[in-house]
Amino acid sequence: MSAAPQKAKAGAEKIEVEVSAIVPVNELVSRFEFKRRDGQPFPPFSAGAHTVVEMNDNGRMRLNPYSLMSDPADTSIYAISVRRDDEGRGGSLFMHRHVKVGDPMTITYPVNLFPLDLRGHKHVFLAGGIGITPFLSMIATLERMGGRWEMHYACRSKALGSYVDELTGRHPDKVHVYCDDQDEAIPLESLLDGQPLGTHVYVCGPAGMINWVHSTAEAHGWPKEHVHSEEFLAPQPGKPFEVRLCKSDIVIQVGEHESLLEAIERCGVQAPFLCRGGACGQCETDVVEADGEFIHRDHWLEEEEHASGKKIMPCVSRFVGKTLVLDR
C-alpha cells in the first residue's frame with residue numbers, strides 16, 4: 001500500500017524523492033530525474049503538468065515550479081529540465097551548483113495548468129528556449145495516441161537548443177528549429193494561416209513570445225480557446241515594503257529580493273499555491289486596506305480587479321506605499 005500524501009505547509013501535497021540522475025543537456029541546461037524514496041510509483045500526470053521543487057538554500061526555502069518532461073506513461077520517474085540563470089534569484093543556481101545524485105528532495109504532486117486539448121484535430125507547438133520542456137511529455141502522449149502535431153522551436157543557437165538532436169532525429173518531418181544566431185525566426189503568420197480547421201496552438205517561452213503568438217493569432221481570427229500558453233513568472237525584485245496580515249495579526253517586512261508570498265510563508269503563515277507564477281489563482285488574496293500603488297504581474301486577475309485595489313496575487317505582485325493590510 002502506498003503512503004498517504006503528506007500535506008505541505010503551504011497547501012500543496014508533497015512527495016519525498018531522491019535525485020536518481022543529473023544529465024547535462026547543454027552548457028546552460030541540465031535534466032534532473034527523481035525516484036520516490038518509498039519505492040512506490042509516482043502519481044500519474046497528464047502532459048503539460050508541472051511540479052514545484054522545494055530547495056533549502058542555506059536556511060532559505062525556495063519553491064520553484066518546473067514542467068514535467070518525462071513520459072506520463074512511465075510512473076517510475078519524474079524528470080525536469082533546469083536552465084541555469086546566473087542573473088536570477090537563486091533557484092536554478094542552487095539546482096546546478098548544490099544538488100547531487102542521491103540527494104533527498106521534496107516536490108509537490110503534479111498540477112496541470114497547460115493541458116493538451118484532446119478535442120483538437122491537430123496540435124502546433126511553439127517553444128522558445130527552456131519552454132521546450134512541457135512539449136516533450138505532450139509529444140510522447142500524442143505519439144502513443146497517433147495524434148497529429150508539429151513543433152516549431154526558437155533558440156539562441158543549435159548548441160543551446162535543448163533536446164534539438166533528439167527531437168529532430170526522432171521526428172525529422174515534424175520538428176522545425178530556428179536559431180537566433182542564424183537570423184532565423186518562426187514564420188508565425190504563414191504558419192497560423194496554413195492550419196486545418198480544429199487545430200490548437202500551444203506556446204511556452206519568454207513573455208514577449210507568448211504575447212506575440214496570442215496577438216497574432218487573434219489578428220488572424222483564431223478562437224481564443226484554441227490558443228494555449230504557459231509562462232512561469234519569476235517574482236521580480238522591488239523596493240521593500242511592509243504588510244499587515246489581519247487574520248494572523250502580524251506585521252511582516254517583504255524584502256527586495258523575495259516575493260510577498262515568500263515573506264508570508266517565512267513568517268509561518270499558511271498560504272495556498274499551485275504554480276507560484278501568477279497563473280493558477282490559488283494564492284489570490286483580498287486586500288482589506290491599501291494606501292499606495294499595486295504592481296500587478298499576474299495572469300489571473302482581470303483588469304477590473306487590478307484597478308479595484310481589492311485583490312492581489314502575492315506570488316508575483318508587489319506594493320509601493322504607506323499601508324497594506326491583507327485578509328490572510
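These legends describe close-up views of a predicted model.

Residues are numbered from 1 along each chain as its sequence is written. In this predicted model, local features need pLDDT of at least 70, side-chain atom pairs count only at pLDDT 80 or more, and totals for chains, interfaces and linings use all residues, while side-chain values use heavy atoms, with hydrogens and water left out.

**View 1. Ser-317 in its loop.** Ser-317 sits in the loop between strand S16 (311–312) and strand S17 (318–326), where strands are DSSP runs of E with at least two residues, numbered from the N terminus. Ser-317 counts as buried because its relative accessibility is 1% (buried means under 20% relative accessible area, with a 1.4 Å probe and protein chains only).

**View 2. The surroundings of Ser-317.** The side chain of Ser-317 reaches the backbone nitrogen of Arg-297 at 3.0 Å. Leaving aside neighbours within four places in sequence, the residues in contact with Ser-317 (heavy atoms within 4.5 Å) include Leu-260, Ile-295, Asp-298 and Ile-312.

**View 3. The second largest pocket.** About 480 Å³ of space lies in this pocket, a pocket being, on a 1 Å grid over the protein atoms alone, an open set of points where a 1.4 Å probe fits, with protein on both sides within 12 Å along at least five of seven lines, and lining residues having an atom within 4 Å of a point. The second largest pocket is lined by 17 residues, and His-214, Ser-229, Ala-279, His-299 and Trp-300 lie nearest its centre. Helix H5 gives the most to this lining, with 3 residues (a helix is a DSSP run of H or I with at least four residues).

Technical notes. Buried < 20%, exposed > 50% of the residue type's maximum accessible area, 1.4 Å probe, protein only. Polar contact = N/O pair within 3.5 Å; in protein donor to acceptor, adjacent residues only side chain to side chain. Points joined across faces, edges and corners; volume = space filled by probe spheres on them.
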